[in-house]
Amino acid sequence: MSEERDPELATELPANGSDRTLNWYSAREPLVIIVLSAVTIAFFFAVGGLSHLYRRELETRAALWSNRGEKELQSGRFSDAASAFQTALTYSRGNYTYELSLAQSLVALNRTEEALAYLVSLWQRQPENGSVNLELARIFADKGDISHALRYYHNAIYAVWSSNPEAQQLAVRLELVKFLLDHKTNNLAESELIAVGRNVPENTALQTQIGDLFMRVPDYDRALAMYQRALKLAHHNTDVLARAGKAAFELGQYHVAERYLTSALSLKPDDDQSAELLKMCRSIPALDPYNLYTGIKRDRLVLSDFDTAGQRLNACINSSSKGTSASTLQPLYVQWMDMKTRLNERTLRKDPGLTDSAMNLVFNIERETDKTCGVPTGNDFLLLLIARNHEGS
Amino acid sequence: MAEPQLENAELGNALPVNHSSTSRSLLRFVFREERFFLVLSVFIGIFSGLSVVCFRFAIDLSRMYFLGSETAASHMRLLLAPTLAGLAIGALVLHVFPLARGSGVNQTKAALYIYNGYIPFRTAIGKFITAALSIGSGHSLGPEDPSLQIGAGLASALGRKLHLSRDRMRLIAPVGAAAGLAAAFNAPISAVLFVIEEVIGRWSAAILGSVVLSAVSSVVVMRWFLGSEPLFRIPPVELVRPGELIAYAVLGIAGGFASIIFSGGIGTMRPILKRMPRWTQYFQPAVAGLIIGFIAIMGAPQVMGAGYDFIDQAIHNQFTWSFLGILVGLKILATIVSFVSGTPGGMFAPTLFIGAMLGAFVAGLEHLVFPHLAISTGTYAMVGMGVLFAGFLRAPMTSVFMVLEVSGNYTIILPVIVANTFAYVISRALQPTPIFDLLTRQDGLDLPSMEEQREQSILRVEDAMRPVSGPVLDAEQTLERTIEKLNGVQSENLLVRKRPTGWNTITMEELKKMLSEGKGDSRLKSVLPIRQIPYLHPDHPLDIAMRYIYRYPILPVVSRADVSKLEGAISKEDVLKSYHELGDSLDETED
């Protein structure tokens, strides 16, 4: 069907014109080349004009669909946004911005493999683009691919950002810190946070956020310092006061913590967590014999803590399985029983070193029972905190 | 006797050394036309590139106006656009552009072999308009084959305007075809290979340079206007284990069978539609459009048009494996109805589409069966494109280089070769006639089949030569001594060895005559009637022997390592006997 002999073909077949062409070329070859060149240039310009019109038409349509996509993206209608960006890309194939927006829509739709294909292609075109590196980092972070995620997060931190680069880089670094903390790589997170902390702008919310991240590391010193910087800008910010109180509490600076927590509660009395912390801040010094230099009160406090720890140990041995208690708690119980026979106010007064031995055993008991029988309550919990403060754990 | 200075038959094509002024001017003309043809090839490439750029604009604009600017067109548009465009196309190809039907590859081949390179310019215009309408409105056809014909049409028109000789006119259409295809594909190597493999059918130094120049020029122009981005976003290709090649072989087998279904469908349906009354041809493209529109509104609008965007999506794993399988079937159906209805448009893009979907489908299936294997859908889709190219279009070389060029990754070559070989072998075994040859035969034309030519058994000199029965004479000996040695020898034609490497021949009768004339003391070399004769090597095609054998009763067949070492001799009778035996064996095969 496709091939039918056209009558035209029969009449217009070329004759073998070697003699004719011989003369023809001899005379006209340069002229033919000039004419062909002129026709080529004219044709080129004509197609150039058409191309310009065509491109303008395509750009108009692409912009129309891209604007629609942006609106859908902002409204959270990611499927419609992806469709609009795909349409825009049919008119502006390879457009960097549209492809990036499409990739972002696809990420939001959890179509990560498709998004990844676009993003890898975009990255190959502009490896220094911050948004692309960040999106890639997020995809690899979601996949749990730490090495790739770190690579792209770092790329994004040092990448080129079209607007407000410092804020963008800071935001990426904070996102990286959260990712590192989520993946229990606290040392790396701390290094990143220290780098952020050096150049953090004067902004209460940001400083509070960084302080919170230091708390997660945990680096209570730097967290407290960051909260204190935030409080310089907002003295009566109850949230920051409460957070500073908690940081000071974790550092064992109970007096400092008490001051912040009291201020926080005076502004926001219904903050139960701060109230609880404040209560502990006030109770811990009363249980810590090292707050008192010498005297009967100190010895009695040692004896009281010793008894408290002994009761906790007994209860824990009775509640836990025999195997566990035999291996870890029994030796402590033997030590406790041995010391119990020797420990009284007189022996404490005679042998000042016995205070340390007794308190060391108390702290060991609280630590071991914490591991075996779970987090203690009441005075046992306070003793555990005191143990941590004194032993740096 | 003025003999040309011929020695080795390979040099036998060289022009005779004749110092007449006519020969000199003829020689100058040949070189001048050769050079001009190369320059012209660049212009053809540029014109074809510009035309293909316009063709692409036309297709895109046609698509925008027919199917709307959004990616998901309304059902009304999906149904009406290809149907109404089909009606217009039916009228146009029946009344205005009758030669614009079909893909364009065979028409270009016909121009080369039948019409001395003549393609009416009107056909190129018609192809441009009708193919833009059909592809833009959603008919399941591609722009590559029409681009090939547009390029060939332009080149032919230019050649006519410049009064090129008949030989050049025959070559100019393939030069334009390569330019058109290269611009459409954005792949110059594949275009050159395809034109040589499918249109010209032989590697010829005379045309290779022109084809390459035109293809490269057209791609440069196309990239100038449309950018140099590849057709698809290519994912990283990795062949982790050699064992994966087995999986690609499975894809090759699937591709071979899909090719059979595809070409079988076209081969069966086309004659049926051709036999229908002429008035139905007005409506055949419209009915095809209606069927495609129906497929689209049923949930597979991906089958409409060339489908490159969807190939890209398949490469990036954006379809479920079951939907990919459905797309393979529906695209085959849509392309068959589009093509057999006579709608102008090409089969390259649909072939790539079907191949990509099939590749991704096989990858999906293998992933389902062997979930532990790291199967890359993108790689399978790309290999699948090559598989269909090898199985359906039966262009094995082009299929390999096309995937290489599109992917830009050498790692893919092994999977492509393995899969393509399986597809090609299966397709050849079950469908002996390639699709392009099938179409030409259905049209009543008898164009040379490139596949048959490739696989033709060639007779060589070694098949016809015989051992030298008589003595080989030494040209340095005297005539008297030579005749003494020949006492009792029956051979009529005798070979003479000339030191150091030449050969000659003389008959017993001539020797005796010279002896009776009193030349007994003369050396044989001084009395030989001709200076020397050409010699052959055993591996020479027998056709070369045919060029000389009518002038010399016997020719020496000598070793390539030492041309003074005689391997045998060949005479006219030996050559004819060989051809006779070949003819008998072919008759037996056909019976």
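In the predicted model, the 13 residues of helix H9 (residues 186-198) of chain A should span 18 Å at 1.5 Å a residue, and the end C-alpha atoms of the helix are 18 Å apart, in agreement with that expectation. Burial in H9(A) involves Ala189(A), Glu190(A), Glu192(A), Leu193(A), Val196(A) and Gly197(A). Viewed down the axis of H9(A), these buried residues fall within an arc of 165° and therefore line one face of the helix. An α-helix has 3.6 residues a turn, so residues three or four places apart point the same way. The partners of the buried residues of H9(A) are helix H8 (165-182), helix H10 (204-216) and helix H11 (220-233) of chain A. Asn187(A), Ala195(A) and Arg198(A), on the other side of H9(A), are exposed.

Chain A as a whole contains 19 helices and zero strands. Of its 393 residues, 36% count as buried. Among contacts in chain A with a separation of 6 or more, 48% are between residues 24 or more positions apart. The loop between H10 and H11 of chain A holds Pro218(A), which is joined to Val217(A) by a cis peptide bond with omega of about 0°.

Leu267(A) belongs to helix H13 (residues 254-267) of chain A. With 13 other C-beta atoms within 10 Å, Leu267(A) is partly exposed, since a residue counts as buried at 20 or more such atoms and as exposed at 12 or fewer. Leaving aside residues up to four places away in sequence, Leu267(A) touches His236(A) and Thr238(A). The C-alpha atom of Leu267(A) is separated by 8.6 Å from that of Asn237(A), a residue 30 residues apart along the chain.

Chain B comprises 24 helices and five strands. Its 591 residues include 52% that count as buried. Of the contacts in chain B between residues at least 6 apart in sequence, 78% join residues at least 24 apart.

Helix H7 (residues 188-200) of chain B is mostly covered, with twelve of its 13 residues buried. The buried residues include Pro188(B), Phe194(B), Glu197(B), Glu198(B) and Ile200(B). In the loop between helix H6 (166-185) and H7 of chain B lies Asn186(B), a residue other than glycine whose phi is near 55°. Asn186(B) counts as buried because it has 21 C-beta neighbours inside 10 Å. Just after H7(B), Gly201(B) has a positive phi of about 85°.

Helix H14 (residues 377-393) of chain B packs against helix H16 (residues 413-430) of chain B at an angle of about 35°, with the axes 8 Å apart. The crossing of H14(B) and H16(B) is right-handed. On the H14(B) side, the contact is made by Thr379(B), Val383(B), Gly386(B), Val387(B), Ala390(B) and Gly391(B). The residues of the contact between H14(B) and H16(B) comprise nine nonpolar, five polar and no charged.

Arg394(B) is placed in the loop between H14 and helix H15 (396-407) of chain B. Phi of Arg394(B) is positive, about 55°, although the residue is not a glycine. Arg394(B) counts as buried because it has 27 C-beta neighbours inside 10 Å.

Methods: Residues are numbered from 1 along each chain as its sequence is written. Chains are lettered from A and ligands numbered from 1 in the order in which they are written. This is a predicted model: local features need pLDDT of at least 70, side-chain atom pairs count only at pLDDT 80 or more; totals for chains, interfaces and linings use all residues. Axes are lines fitted to C-alpha atoms, for helices over the stretch in contact, and angles run from 0 to 180 degrees between N-to-C directions. Helices (H or I, at least four residues) and strands (E, at least two) are DSSP runs, numbered from the N terminus. A crossing is left-handed if the near helix is turned anticlockwise from the far one by less than a right angle, and right-handed if clockwise. Two residues are in contact if their C-beta atoms, placed from the backbone, lie within 7 Å. Ala, Val, Leu, Ile, Met, Phe, Trp, Tyr, Cys and Pro count as nonpolar, Asp, Glu, Lys and Arg as charged, and the others, Gly among them, as polar. The expected span of a helix is 1.5 Å times one less than its number of residues. The arc is that of the directions from the helix axis to the C-beta atoms.
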